[in-house]
Amino acid sequence: MGNSERTSYLTAVSYRLFGRIASRFTAFKRVYRQSGISRLYESYMALTLFASFATFISAFAIGALLHHFLFKLTPFQYLAAVLTFSGIISLSVTTTFIVYPLYRRDQKKKEIDSNLVCTAGYMGVLSAGGISVERIFERVAQVEQHPSIIDLAKRLITNIKMFGLDVVSSLGDVSLHSPSEIFSKLILGVTNTLKTSGDLKGLLVFETERLLHAKREQLKKTLSSLVGLGEIYITAIVIGPIVFIIMITILSIMGNVAFGISPIAQLNLIVFFGIPTLSAIFIIILNAFLPEEE
């Protein structure tokens with residue numbers, strides 16, 4: 001049995017056991033829909049409940065054996081410890097299943113927002129030639145390089161060609177599945193334009209200019225933040241360790257020992273632990289500030 005067959009079998013079993021319960025968790029449905037996961041929402045939630053339940057039973061059995069052989073506890077302490085251990089492990093699995101769609105949605109949102117200005121400009125050029133909305137999205141799906149935008153474009157084409165929906169209904173479905181509010185507003189504008197004036201070129205040109213202006217403002221804010229981070233980096237990573245090393249050297253000459261740690265050990269902590277840790281933190285911060293463009 002291959003991996004896909006095992007996954008399908010596990011999904012079928014979990015849906016039979018927890019399908020009715022999973023269908024009641026509707027609060028998370030919108031986030032899951034925007035994450036782009038192909039599995040049905042009810043199947044995913046049933047799989048989450050099944051994995052949590054199976055993990056709880058497995059962790060309970062393992063915890064019972066470990067606490068029995070490794071610790072001397074009263075019956076009440078033993079039961080409380082095993083339940084706490086299994087509950088924490090099961091909760092971590094549930095949290096992982098819940099966080100994964102949130103992470104996917106946020107990643108897709110960042111990708112769309114960072115590159116939508118180019119897509120909107122390309123759509124505006126195509127609309128100037130009198131091409132229909134369906135053909136515009138077909139071209140976007142062919143030439144676009146970012147998977148998040150490609151998936152939404154293909155969704156509209158699939159809705160029209162395979163499910164027989166009209167353009168307006170397909171646009172509404174794409175808007176519901178878009179993790180980006182900016183892209184959803186663009187789709188809403190296209191829908192309203194098709195219903196009223198039909199001047200798609202004017203709308204897309206206006207939206208492209210608006211996105212370019214927003215992009216410039218975002219880059220200005222990012223540049224200001226990077227300047228501030230650069231000053232903090234120089235202070236904390238370059239000047240800070242030098243000052244600490246000089247202070248520790250002077251105190252060691254005077255015979256003072258801080259926190260019972262020798263000066264050599266303190267210097268080793270700063271050089272081999274402090275500086276790399278601070279550098280890693282700054283890398284994470286820079287990755288969060290910089291736009292995710294290709």
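**Salt bridges and their surroundings**

Reply: In this predicted model, Asp106 is partly exposed at a relative accessible area of 33%, where buried means under 20%, exposed over 50% and partly exposed in between (1.4 Å probe, protein chains only). Its partner in a salt bridge is Arg105, with the closest N and O atoms 3.6 Å apart, and Arg105 is likewise partly exposed, at 23%. A salt bridge here is a side-chain nitrogen of Lys or Arg within 4 Å of a carboxyl oxygen of Asp or Glu, and the structure holds nine of them.

Residues are numbered from 1 along each chain as its sequence is written, and side-chain values use heavy atoms, leaving out hydrogens and water. Because the model is predicted, local features need pLDDT of at least 70 and side-chain atom pairs count only at pLDDT 80 or more, whereas totals for chains, interfaces and linings use all residues.

Glu138 and Arg135 approach to 2.6 Å between their closest N and O atoms in another salt bridge; both lie in helix 5 (residues 133-143), three residues apart, about one turn of the helix, helices being DSSP runs (H or I, at least four residues) numbered from the N terminus.

Asp173 belongs to helix 7 (residues 167-177) and Arg155 to helix 6, so the pair ties together parts that are 18 residues apart in sequence. Asp173 is buried at 18%, whereas Arg155 is partly exposed at 32%.

Definitions and conventions
Helix = DSSP H or I, 4+ residues; strand = E, 2+ residues; numbered from the N terminus.
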